[in-house]
Structures are given as structure tokens and as C-alpha cells.
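Me: Hi! I have a structure open and would like to talk it through with you. Could you take a look?

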Amino acid sequence: MEEKQNLFGLDVAALQERLVPLGVQKFRAKQVAQWMYEKGARSFGAMTNLSKALREELAASFEIATPAAQDVLVSKDGKTEKFLLAFADGTAVESVLMRQPYGNSICISTQAGCAMGCAFCASTLHGRARDLTAAEMLGEVFFIEERLRGEGQHVDTMVLMGSGEPLMNYENVVAFLHLVHDPAILGMSYRSITLSTSGIVPNIYRLADEGLPVSLSISLHAPEDALRSELMPINKKYPMADVIAAGKMYGDKTKRRVTYEYILIDGRNDSSRHADELAKLLRGQLASVNLIPINPVVERHLLRPPQERIDAFERRLAKRGIAVTVRREMGTDINAACGQLRNRHLETQA
Ligand code: SF4
């Protein structure tokens, strides 16, 4: 039997390309899009403004496939929900909803697993399984959006910060950004979206040329090459000076403030010298630093610094004119750090 084509993740123009050759009138594509994206229809049978014959014809050739939840964890305070979402081939990724004071923020995965090998990250322990398609990423967003719609709410902001390096899945990620921004799909403003990268320099330049004003977040985690290479092997390919030059260019070109993520690790990168070097590197850039006290990885001796050191690091940066925040911890009781739920799933399957 021929495999049915999935219509979920197609915009109106792409739906027309599929449907018009079958003799379906052009305006029907818009109706199908409305059913899929506005009304949450996951079968053609639900599309009651299409004739019964057309609904049956569509169901014979197409499907509307979105991911299904394999596991859901809710933090004790109810503010963070983490979903393990599985696609048709059984590949599963994590997506997170954080109910923040400023709105509903979601964190989306762009690859199943990750090949980048960052020392502090659970997503990379099993390597990269595969890239996600634009439709699959959109499926993650809609899974959460539709839960929120049931409560009269919606997704307000999105970070591409789950498993995977978005800029190593460049074409799919850019296609996904177009889809999520499309008013006929979700209409999310680019300014509500943050893409987080470990520093894939050529693709930062490419992204700046796309004309999509998404915010960029760069994982720095160390103010010197030797230490950064230990924590993030990608630094050997794209050294820190090149990453920071690319970040500066991105800020200058898009006029969006670039955020540098800096995981604070006890005794590794949290001294006053590190703070001074970091401040020196970023001086004069349209940039801010987000300090993230590490979720401890005890087996690797990566521990959280004492609170006084975290506070001192923050103060030292601020004193040197750097805009700095410390990430509020959410959902630590459900291991909201990326990759941990998926790893548990892979290990129980092994
Ligand atoms: S931190 Fe990001 S880039 Fe690094 S291994 Fe984890 S998912 Fe990949």
C-alpha cells in the first residue's frame, strides 16, 4: 500500500500544490489549513465544510500526523511541564512548557539527540539520532499550543534550546521558523523566538542574512579557548574569537541583543578572573550574559558553585557594564535539563 502523505506542516501554498492537481479547488487548501492549525482537526472526517466525497478522497491519499506524548512530567509547583513526544517512526524528543510570569514559554528540540558533545549536557550522551523536519518541530509547538488553547491560553514565546544544535539542521529550522510565523499557521512574531547555538559560525552569518529578526543566544560557558574546548568540543572547530565576532555581527545586523549563555560550574569557570575576562570579551557589544548555575552532573564532577560565588560573579559583570541575569530555576524536580527524559526512555528500550 502506498504511504499516505502527511499534510501537517504544509503552508497554504504547499497545500495548494498537493491538492489542485487532484482537481480540488484552490480555496479548499485554505480551509484545510484552518482545520489543521486553527481548529485542531487531526482527521479529514472532522472538516465539515468539505463535501463527504472530498473528505473521503483526501483521507485515501493523505494523513494529518502529529507527535504523540509518551511521557509527561509536571513539576511540583505545576509551572513546568515536560513532554516526551514521539513521531511516526518512534523517534522521541523532549519539549517543555514553562508558565512564566510574562507568559507561556516553550522549549523545542531541533534534533533527536545531539552530536556536539558538550560536557555538561545529557542530550548528547547517545549522540545524534537524526534531524527533525520542519513539520515535526511544528508538531512539538502545536502539541503544547493545543493543550494551552483548552485553558484559553496560548504559546507566547519560544526558545530553540531543547536537544540538538539548530544551526546543524539549518534548512529545516529556517523552514520551521517561516511556518510558525505564518499567520495562517500560528502567526508567532519572530521577536518572540530565540534560537540557541553552540556557535556554528558560518551559519550564524547565514542566519543574519535571512532577514528573520529572531533573537540569538550563544552558549559561551568559558572566557578562554582551552577551557571552552574542554566543555564544548565544537570550540576546536569554531574558536571563541570567531564565535564572538559572529555574535557581534548578528547584533549589529539584526539590531537584536545577543545573549551569551554561561553555565557556572564550581571551581571551573566561576572565579573573579573569569568574570573579568568575560566582561572584556563582550565590552561594546549589543549583548547580555545569562548565568546558569549548572544542574550538577556528579559523575563528571561538574558541581554548582555556592550561592555567594554566583552572586559575586553576577555583581562583577554588572560592575563592568555588562547586562547580566541569572536564570531562574524551573522544574528542577522533574529534571528539566535537556535530554534527561529522552535518555531514560532510550535506556528502558535498550
Ligand atoms: S548543550 Fe546543546 S549543543 Fe551542546 S550537546 Fe547539548 S543539545 Fe547539543
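Reply: Happy to; below we go through the sheet, the salt bridges and a few single residues.

Me: Great. What kind of model is this, and how are the residues numbered?
Reply: This is a predicted model, where local features need pLDDT of at least 70, side-chain atom pairs count only at pLDDT 80 or more, and totals for chains, interfaces and linings use all residues. Residues are numbered from 1 along each chain as its sequence is written, and side-chain values use heavy atoms, with hydrogens and water left out.

Me: Let's start with the sheet. How many strands form it, and in what order?
Reply: The open sheet is formed by 10 strands, in the order E3-E4-E5-E6-E9-E10-E11-E12-E13-E14, with mixed pairing. Strands here are DSSP runs (E, at least two residues) and helices are too (H or I, at least four), each numbered from the N terminus. Two strands pair if DSSP finds at least two bridges between them.

Me: Which strands stand at the edges?
Reply: Strand E3 (68-74) and E14 do; each has a single partner strand, so one side of each is left without a neighbour in the sheet. From one strand to the next, the twist averages 20 degrees. For angles, axes are lines fitted to C-alpha atoms (for helices, over the stretch in contact), and values run from 0 to 180 degrees between N-to-C directions.

Me: And which helix packs on the sheet by E9?
Reply: Helix H5 (residues 170-181) touches strand E9 (157-160) and strand E10 (193-197), and its direction makes about 175 degrees with that of E9. Contact means heavy atoms within 4.5 Å.

Me: Do E4 and E5 run parallel or antiparallel?
Reply: Strand E4 (residues 80-86) and strand E5 (residues 92-100) run antiparallel and are joined by seven bridges. Thr80 has Met98 in E5 as its bridge partner.

Me: What about E13 and E14?
Reply: Strand E13 (residues 287-293) pairs with strand E14 (residues 323-326) in the parallel sense, over four bridges. The chain gets from E13 to E14 through helix H10 (residues 307-319), in a right-handed β-α-β crossover. Right-handed means that, with the strands pointing away from the viewer, the path from the first strand over the helix to the second runs clockwise. If you want a residue pair to click on, Asn290 stands opposite Thr325 in E14.

Me: New topic: how many salt bridges are there in the whole structure?
Reply: The search finds 21, where a salt bridge is a side-chain nitrogen of Lys or Arg within 4 Å of a carboxyl oxygen of Asp or Glu.

Me: Which residue does Glu145 bridge to?
Reply: Glu145 pairs with Arg149, and the closest N and O atoms are 2.9 Å apart. The two are about one helical turn from each other because they sit four residues apart in helix H4 (residues 134-149). Glu145 is buried at 4% relative accessibility, while Arg149 is partly exposed at 31%. Buried means under 20% relative accessible area, exposed over 50% and partly exposed in between (1.4 Å probe, protein chains only).

Me: Where do Asp276 and Arg316 lie?
Reply: Their side chains meet in a salt bridge (2.8 Å, N to O). Asp276 lies in helix H9 and Arg316 in helix H10, so the pair ties together parts that are 40 residues apart in sequence. Asp276 is partly exposed at 25%, and Arg316 is partly exposed at 29%. As for a network, salt bridges with shared partners join Glu81, Arg99, Arg147 and Glu151.

Me: Is Arg28 buried or exposed?
Reply: Arg28 is buried yet has no salt bridge; Glu57, the nearest side chain of opposite charge, is 9.9 Å away. In that search, Lys and Arg count as positive and Asp and Glu as negative, while His and the chain ends are not counted. Arg28 is in helix H2 (residues 26-38). Leaving out residues up to four places away in sequence, Arg28 touches Asn49, Leu50 and Leu54.

Me: Last one. What is phi for His221 and Lys255?
Reply: His221 has a phi near 65 degrees, and Lys255 has a phi near 60 degrees. Most residues other than glycine have a negative phi. His221 is in the loop between E11 and H7 and is buried at 4%. Lys255 is in the loop between helix H8 (240-254) and strand E12 (258-264), and is exposed at 64% relative accessibility.
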